[in-house]
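Below are my notes on the model, as numbered points. Please read them with the structure open.

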Amino acid sequence: VSPDGRLTAFVVNRDGNQNLYLMNNDSARMIPLTRKKDGTVYYQPIWNKKGNLIAVDYTAQDYGRNIQVMDSTGKVLKELDFAHDVRQPCFDDSGEYLYYSSDKTGIFNIYRQHLNTGAEELVTNVRGGAFYPHVQGDTLVYAEYSGIKIRLKMVIGPKPLDQKLAYYKNYEIPRLRELQEKDYLTNSQKYGNDFEHIFIVP
């Protein structure tokens, strides 16, 4: 729902596609903002504080997700289309920064991009994974995955970190490949479960 309560942005699942719609809360009139017919899935849209911009993540063509920033007519003003996965966008109160989760290094961490300059900054450096950023005032809250647990973490006055500290060697974006005959096991082998009986990721 927009900050003034007049508009609601939401996702509609129809004919195998999940597109973004806008509804006038007074008239209940629904307007499509996207018209994808290729199986694209849009996720949870979020408004900026002024109520004139919407950020939303959606399935990328090759891998993971991308992020679009659009106005209330559906015009795309900015696209975060990287080779890696970017998801779960969130505007800060000033509207200058867009926060999001990215697996740029092979581990999901929280980044932010200055919407005017395009400069990207690393904000967290965790070993498990950081997801779902939310910024209010000078406080950043996010979900951190560690081991088999997910905890809420809070950062007062988030500041950019040295991205070199979050570099992991030999990380390549996973791609689908065709299996060869040598990839199949000729004899059955005993196996076990390496994980807990309940395994949850966001």
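1. Strand β9 (residues 97–102) pairs with β10 in the antiparallel sense, over six bridges. Two strands count as paired if DSSP finds at least two bridges between them. Strands here are DSSP runs of E with at least two residues, numbered from the N terminus. Within this pairing, Ser101 has Ile110 of β10 as its bridge partner. Six residues lie between the two strands of the hairpin, and among them Gly106 has a positive phi near 105°.

2. The model is predicted: local features need pLDDT of at least 70, side-chain atom pairs count only at pLDDT 80 or more, and totals for chains, interfaces and linings use all residues. Residues are numbered from 1 along each chain as its sequence is written, and side-chain values use heavy atoms, with hydrogens and water left out.

3. On its other pairing, β10 runs antiparallel to strand β11 (residues 120–122), joined to it by three bridges. Gln113 stands opposite Glu120 of β11. This hairpin has five residues between its strands, and Gly118 there takes a positive phi near 80°.

4. How many of the six residues of β10 are buried? Six of the six, over residues 109–114, so the strand is largely enclosed by the rest of the structure. Buried means under 20% relative accessible area, exposed over 50%, and partly exposed in between (1.4 Å probe, protein chains only). Asn109, Tyr111 and Gln113 point one way from the strand, while Ile110, Arg112 and His114 point the other way; all are buried.

5. Gln88 belongs to strand β8 (residues 86–91). With a relative accessible area of 9%, Gln88 is buried. A polar atom of the Gln88 side chain lies 3.0 Å from the backbone nitrogen of Tyr132. Apart from neighbours within four places in sequence, Gln88 is in contact (heavy atoms within 4.5 Å) with Asp57, Tyr99, Tyr100, Ser101, Phe131, Tyr132 and Pro133. Ser101, in that list, is also the residue whose bridge partner in β10 is Ile110.

6. Is Val1 buried or exposed? Val1 has 62% relative accessibility and therefore counts as exposed. Val1 sits in the segment before β1 (7–14). Leaving aside neighbours within four places in sequence, the contacts of Val1 are Leu7, Thr8, Asn25 and Trp47. Asn25 is 24 residues away along the chain, and its C-alpha atom is separated from that of Val1 by 9.1 Å.

Conventions
Helices (H or I, at least four residues) and strands (E, at least two) are DSSP runs, numbered from the N terminus. A polar contact is a pair of N or O atoms within 3.5 Å; within protein, one must be able to donate a hydrogen and the other to accept it, and residues adjacent in sequence count only if both atoms are side-chain atoms.
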